[in-house]
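Thanks for coming, everyone. Please take a look at the screen before I start.

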Amino acid sequence: MAKLLIEGGNRLRGKVNISGFKNAALAIIPATILTGSVCVVENLPVIQDVIVYQDILKKLGGEASLSDSGTMVIDTSKIQACNLPNGLTKKLRASYYLLGAGLGRFKEVTISYPGGCDIGLRPIDQHVKGLEALGAVFEVNDGLIKVSAEKLIGNKIYLDVVSVGATINIMMAAVFAEGKTVIENAAKEPHVVDTANFLNAMGANIRGAGTDVIRITGVQELHGGTYSVIPDQVEAGTYMIASAVTKGDLIINNIIPKHLEPVTAKLKEMGMSIEEYGDSLRVHYEKELVPVNIKTLPYPGFPTDLQQPMTVLLSTVKGESIVIESIFENRFRYIEELHKMGANIKVEGRVAAISGIEKLKSAEVKATDLRAGAALVVACLAAEGVSTVHDIYHIDRGYEFIENKFMNLGAKIRRVEDDEENSAEMIR
Ligand code: UD1
């Protein structure tokens with residue numbers, strides 16, 4: 001296993017190119033199953049979760065090859081069924097999209113329960129509710145989910161909670177459902193829109209993605225084609241926050257600034273200077289930052305996936321801040337690691353009360369999940385001295401070339417194997 005050695009205290013400067021959006025990629029790759037054709041998906045991040053999905057498609061009998069530049073050529077024509085009871089689906093959360101995509105094309109799916117970050121209960125009752133409304137029948141036994149339908153028929157579905165996964169899953173299953181499906185209280189996240197755009201480009205009829213009512217009219221078939229995934233706003237937000245925490249000056253390239261508005265607004269409120277240039281942002285530190293309060297919300301609210309790096313930043317800002325995590329009930333576990341770095345944060349349920357300190361100190365810390373791992377990297381970049389981040393396999397699931405990108409911005413960071421002798425000299 002590998003770890004990251006980081007010597008903090010350097011102001012980050014320079015340009016960083018943002019990769020394709022993990023969460024959109026992990027919906028669009030399984031959506032290719034619906035096409036039963038050849039699809040070329042471009043601008044994919046070359047990350048562990050994408051590689052796992054490539055393996056899933058191959059295990060199902062499809063063909064998928066991923067280039068170093070993030071283009072995957074996928075042929076799902078030879079897939080005969082969507083049965084994967086062998087546990088591969090436990091490696092990531094987004095394997096739940098096999099339910100909607102497989103049901104849409106084959107009317108039957110069997111998979112092991114999805115895995116992913118341990119950040120709360122993460123029920124899938126809304127996925128089940130939506131798919132059942134279209135005519136599907138679920139059986140859950142020994143960690144295996146089996147879903148089947150004689151026929152899928154469009155219906156009106158009101159989601160009790162705004163769920164990205166449920167919205168996309170229902171949208172996928174409804175592509176071939178007879179008649180009209182309406183999803184109300186749908187999630188509005190950019191990857192919901194990107195998945196709808198992909199499916200429409202392949203012949204689907206989906207209207208309203210990006211609003212809270214999505215209307216899908218069933219079609220007979222989809223075709224193949226080429227599609228480019230949107231940029232990763234979570235990765236971009238992580239670099240924006242890293243600029244703030246290191247008092248840096250970064251140009252963040254290849255982004256859609258609109259998707260970053262909740263982060264941009266908060267960083268500006270804190271005193272960061274942010275300028276927009278078409279598909280890039282300059283994020284630079286000019287004056288002492290002030291504390292703010294944050295509550296995570298579905299898009300276009302402040303994203304839960306950036307709650308952790310934002311908490312790191314606030315832990316270094318003089319004064320008191322409050323962070324409320326309203327999406328996932330168990331997303332503060334990394335704060336124990338931040339305490340090792342001297343952070344003054346008290347957690348009570350879903351609320352973190354932060355009393356900013358002048359500087360974090362170096363420590364040995366452990367990534368507890370994907371976004372927490374990235375947040376700890378950000379914390380170490382700001383801390384005095386040499387820190388170590390362990391269990392970085394979590395980070396590799398979602399961040400492309402993280403150490404190279406930070407190194408190019410002037411960070412002192414190096415990946416070493418756990419059993420490798422290491423010293424501070426290695427990162428200088
Ligand atoms: C997706 C993202 C994740 C992001 C999250 C919220 C992927 C692979 N993951 O996760 O990075 O943090 O959206 O933006 O795209 N819920 C239910 N019942 C359900 C489904 C969800 O109660 O059937 C609850 C969840 O527990 C959570 C909330 O709804 O409290 C939002 O979850 P959801 O949007 O579904 O998140 P994920 O799809 O798991």
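First, the ground rules. This is a predicted model, where local features need pLDDT of at least 70, side-chain atom pairs count only at pLDDT 80 or more, and totals for chains, interfaces and linings use all residues. Residues are numbered from 1 along each chain as its sequence is written, and side-chain values use heavy atoms, with hydrogens and water left out.

Now the ligand. Where does the ligand sit? It sits in the largest pocket. A pocket here is an open set of points on a 1 Å grid over the protein atoms alone, where a 1.4 Å probe fits, with protein on both sides within 12 Å along at least five of seven lines. To sit in a pocket, a molecule needs more than half of its atoms within 2 Å of the grid points.

Domain 1 (2-19 + 231-427) and domain 2 (22-228) both give residues to the shell, so the ligand lies between them. Those bounds come from an automatic or database domain assignment.

Next, the neighbours. There are 22 residues around the ligand, each with a heavy atom within 4 Å. Tyr96, Gln126, Ser163, Asp305 and Ile327 come nearest. Helix 4 (125-133) gives the most, with three residues. Helices are DSSP runs of H or I, at least four residues; strands are runs of E, at least two.

A backbone N or O atom of Gln126 is 2.7 Å away from one. For a backbone N or O atom of Val164, the distance is 2.8 Å. Asn23 uses a polar side-chain atom, at 3.1 Å.

Finally, the backbone. The Tyr299 to Pro300 peptide bond is cis, with omega near 10 degrees. Pro300 lies in the loop between strand 18 (294-295) and helix 9 (307-314). Asp142 is not a glycine, yet has a positive phi of about 50 degrees. Its loop runs between strand 8 (137-141) and strand 9 (144-148).

Conventions. A polar contact is a pair of N or O atoms within 3.5 Å; within protein, one must be able to donate a hydrogen and the other to accept it, and residues adjacent in sequence count only if both atoms are side-chain atoms. On a 1 Å grid over the protein atoms alone, a cavity is a set of points where a 1.4 Å probe fits but cannot get out, and a pocket is an open set with protein on both sides within 12 Å along at least five of seven lines; lining residues have an atom within 4 Å of a point.
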